[in-house]
Amino acid sequence: KVISKWGTGIDSINQEAAKRHGIAVCNTPDAFTFPVADSVLGYMLCFARQIPWMDRDIRSGIWQKPPGFALRESTLGVIGLGNVGKAVVRRATAFGMTVIGNDIAPISQDFISETGLELVDKEAIFLRSDFVSLNCDLNPTSHHIIGSYELTVMKPTAYLINTARGPLIDEQALLGALKTKSIAGVAMDVFEVEPLPQESDLRKLNNCLLAPHSANASPEAYERVHQNTIYNLLAHLPGS
């Protein structure tokens, strides 16, 4: 009668089949906006300030000061300006970053005026950004939105961050770019295959920050999603 998704993404649900069978499909929009946006900023700070690598060096007995930079010296490109994308933009502007963005949906002038966001095409995102954050849905138009061409166009000093959906990135193309240092590094909370296979070369590369699909971690958000998932279920069941 009803599929009540715990969370936001419904790309794993065959919505056409559900529609044919008269099954309601529900989710909880804006469920994990704040923790995911915080994760994006955390990854950028790690890369800019080299925090994980300095920690590893110290633990290995190495006293070496790697080059770092301030976020305000950097440009962030955000692909996908929904709830999470907007929250990322607001956080980045608080750090003084230059922020450019792209979305297939119109963005309100009020938000642009508030944040100073510059809307550009995807090509400009890859050419200009020091960080590229993927915050879009997974659908036929966004599958492998990052492939060999995009990775070639990006700056060799740029970092890619994906806290959205694994198949947004062609992982084989990404591995090639990381191994040849076509880009500086990547932070991935999501993967094309989850859990990340033990044999994945991503595990062996030093310019990767990897996490187990946990950017949404937040007790407050979990409780809200628990309640909304049950509410959506009951709201679509006859006699509830």
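**Close-up views of a predicted model**

Cys136 is buried, at a relative accessible area of 17%, where buried means under 20% relative accessible area, exposed over 50% and partly exposed in between, with a 1.4 Å probe and protein chains only. The model is predicted, so that local features need pLDDT of at least 70 and side-chain atom pairs count only at pLDDT 80 or more, while totals for chains, interfaces and linings use all residues. Residues are numbered from 1 along each chain as its sequence is written, and side-chain values use heavy atoms, with hydrogens and water left out.

**View 1. Cysteines of the model.** A search of the whole structure finds zero disulfides, a disulfide being a pair of cysteine sulfur atoms within 2.5 Å. Cys136 is in no disulfide, and the nearest cysteine sulfur, which belongs to Cys208, is 20 Å away. Cys26 is another buried residue, with a relative accessibility of 8%.

**View 2. The largest pocket.** This pocket holds about 1100 Å³ of space. On a 1 Å grid over the protein atoms alone, a pocket is an open set of points where a 1.4 Å probe fits, with protein on both sides within 12 Å along at least five of seven lines, and lining residues have an atom within 4 Å of a point. Grid points are joined across faces, edges and corners, and a volume is the space filled by probe spheres set on the points. The lining of the largest pocket is made of 45 residues, and those closest to its centre are Thr8, Asn135, Cys136, Asp137 and Ala164. Two or more lining residues come from each of the elements α2 (33-49) and α4 (83-94); helices (H or I, at least four residues) and strands (E, at least two) are DSSP runs, numbered from the N terminus. Sorted by class, the lining of the largest pocket has 17 nonpolar, 19 polar and nine charged residues, where Ala, Val, Leu, Ile, Met, Phe, Trp, Tyr, Cys and Pro count as nonpolar, Asp, Glu, Lys and Arg as charged, and the others, Gly among them, as polar.

**View 3. The second largest pocket.** About 330 Å³ of space lies in this pocket. Its lining has 16 residues, of which Gln50, Trp53, Pro66, Tyr159 and Asn206 lie nearest the centre. Helix α3 (residues 51-59) supplies four residues, the largest share of this lining, and by class the lining has eight nonpolar, six polar and two charged residues. Gln50 is found in the loop between α2 and α3, is buried at a relative accessible area of 15%, and has a phi near 60°, a positive value in a residue other than glycine.

**View 4. Trp6 and Tyr222, a tilted aromatic pair.** The count of aromatic pairs comes to seven, under a rule by which rings of Phe, Tyr and Trp (its six-membered ring) pair if their centres lie within 6.5 Å, and planes under 30 degrees apart count as stacked, over 60 as edge-to-face and the rest as tilted. The ring centres of Trp6 and Tyr222 are 5.8 Å apart and their planes stand at 45°, so the pair is tilted. Because Trp6 lies in the loop between β1 (2-4) and α1 (15-20) and Tyr222 in helix α9 (residues 219-235), the pair ties together parts that are 216 residues apart in sequence. Trp6 is partly exposed at a relative accessible area of 33%, and Tyr222 is partly exposed at 29%.

**View 5. Phe131 and Tyr159, a stacked aromatic pair.** Phe131 and Tyr159 form a stacked pair, with 5.6 Å from centre to centre and 25° between the planes. Phe131 belongs to strand β6 (residues 131-134) and Tyr159 to strand β7 (residues 159-162), so the pair ties together parts that are 28 residues apart in sequence. Phe131 is buried, with a relative accessible area of 0%, and Tyr159 is buried at 11% relative accessibility. Ring pairs link Phe47, Trp53, Phe69, Phe131 and Tyr159 into a cluster.

**View 6. Backbone features in two loops.** The peptide bond from Glu194 to Pro195 is cis, with omega near -5°, and Pro195 is found in the loop between β8 (185-188) and β9. Asp30, in the loop between β2 (24-26) and α2, has a phi near 60°, a positive value in a residue other than glycine. Asp30 counts as partly exposed, at 40% relative accessibility.
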